Amino acid sequence: MQNPFTTTFSKIPDNSYISTEQLDEIIGNFMYDNPSESVYKITGVRGSGKTVLLAKIEDEMRTETFEKKGWLVCSLSPARDMLQQFAAYLRKADIVKEKKDNKSVNVSASIMGTGGGIGVSSSGQDKFFDIGIEIGEILKKASKLGKKILIGIDDVSKTTEMMIFASEFGKWMIERYPVYMVCTGLYENIEQLYNVSNLTFFRRATTIMTKPLSYIRMTEMYRRKLGIDSLVAKEMAEMTKGYAYAFQELGVLSFKNRYDNPKDAEDELKSELYAYAYEKIWEEMSEGDRELVCLLIGKDEYKREEVINRMSKPKNYSVYRDRLIRRGIISARQGYLGLALPYFSDYIKDYWI
């Protein structure tokens, strides 16, 4: 029998995917004829399911239900020229037939991955060609045809390609063209785009933060897919703290090894979390961030005042706390805070203290 769990990056675990409130919120918005939200920014800690959530949204919106509503889904890579990629999608969708005059747009083979380029055919006015304007003309036609276009972008950051594309996207929104965007990124990478000129719309766009998976749904998934007792499945769910990567990894290990006791999987689970998530998370933290999380490793939760009194620079407490909460590394409630990731305190103790 094939393992129903997977830790392959960006792969949707079809047999063990747990639906989330964030998915329902975004899909529900786009079900309306005139969606109230045009842009969503999905953020969260590494391994929390951002990419899988985006992939699930794109898959849902490629179904017949959305196709009948006129939706076209375009998945763009922020590592390449995004305007060219978008033009290629629109050309392939054949929204606008090839023009017959001397200014026809030629989205040629290079955009489709076989060489060539994008430009204006058989005209002495090539120097006046602007791909953003040409795309705008296609979007105007798409609007008249009742089409709507979702653009999905995974792992955005402040790159030249992203800034150019986002600037054009802002213009299309002003023109009320039927374009919508869902992008993912680490909090600090998305934040860097906030203060870029002409990207006010991006700052104001709805931010969706990934949340811990439902303990009840995790328990039920483990019980059904592994054929185990509910109490054992509940113990496994608690071991993951709702962290999506840990949920899938523990499922993979348990399916392969059939542990008599879930705790027998701890060493292997820690090893995978340390190597493929926590090492990078720690590397990306500032010294102030690290100091704060190191003060949280002794127990599940600490009182706010207790932490502040132990900090070397207590005036900076709120800055570090807020940033770590937005990044999904710590959790807070009513004056208490603690580490949000399973076994992260063990990682710190094993390697940094």
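Visitor: Is Cys74 buried or exposed?
Guide: Cys74 is buried, with a relative accessible area of 0%. Buried means under 20% relative accessible area, exposed over 50%, and partly exposed in between, using a 1.4 Å probe and protein chains only. Keep in mind that this is a predicted model: local features need pLDDT of at least 70, side-chain atom pairs count only at pLDDT 80 or more, and totals for chains, interfaces and linings use all residues. Residues are numbered from 1 along each chain as its sequence is written, and side-chain values use heavy atoms, with hydrogens and water left out.

Visitor: And which cysteine sulfur is closest to that of Cys74?
Guide: That would be the one in Cys183, 15 Å away, which is too far for a bond. Cys183 also counts as buried, at 0% relative accessibility.

Visitor: How many disulfides does that leave?
Guide: The count comes to zero, where a disulfide is a pair of cysteine sulfur atoms within 2.5 Å.

Visitor: OK, new topic. What does helix α11 look like?
Guide: Helix α11 covers residues 244-257, 14 residues in total. From its first C-alpha to its last it reaches 20 Å, close to the 20 Å expected at 1.5 Å a residue. The expected span is 1.5 Å times one less than the number of residues. Helices (H or I, at least four residues) and strands (E, at least two) are DSSP runs, numbered from the N terminus.

Visitor: Why is α11 described as largely enclosed?
Guide: Because 12 of its 14 residues are buried, α11 is largely enclosed by the rest of the structure. Among the buried ones are Tyr245, Phe247, Leu250, Leu253 and Phe255.

Visitor: What do those buried residues of α11 pack against?
Guide: They pack against α9 (215-226), α10 (230-240) and α12 (266-283). Contact here means heavy atoms within 4.5 Å.

Visitor: What about Arg176, what's its phi?
Guide: Phi of Arg176 is near 60°, a positive value in a residue other than glycine. Arg176 sits in the loop between α6 (160-174) and β6 (179-185), and it counts as exposed at 75% relative accessibility.

Visitor: How do you define a pocket?
Guide: On a 1 Å grid over the protein atoms alone, a pocket is an open set of points with protein on both sides within 12 Å along at least five of seven lines, while a cavity is a set where a 1.4 Å probe fits but cannot get out. Lining residues have an atom within 4 Å of a point. Points are joined across faces, edges and corners, and a volume is the space filled by probe spheres set on the points.

Visitor: What's the lining of the largest pocket by class?
Guide: It has 13 nonpolar, 14 polar and eight charged residues. Ala, Val, Leu, Ile, Met, Phe, Trp, Tyr, Cys and Pro count as nonpolar, Asp, Glu, Lys and Arg as charged, and the others, Gly among them, as polar.

Visitor: And the second largest pocket, what's its volume?
Guide: About 450 Å³. The second largest pocket is lined by 22 residues, and nearest its centre lie Pro212, Lys241, Gly328, Ser331 and Ala340.

Visitor: How many cavities are there of 30 Å³ or more?
Guide: Two. The largest cavity has a volume of about 40 Å³, and its lining includes Arg46, Glu188, Glu284 and Arg327.

Visitor: Last one: where is Phe201 found?
Guide: Phe201 is in helix α8 (residues 200-204), and it is buried, with a relative accessible area of 16%. Leaving aside neighbours within four places in sequence, Phe201 is in contact with Val39, Ala166, Phe169, Gly170 and Met173.
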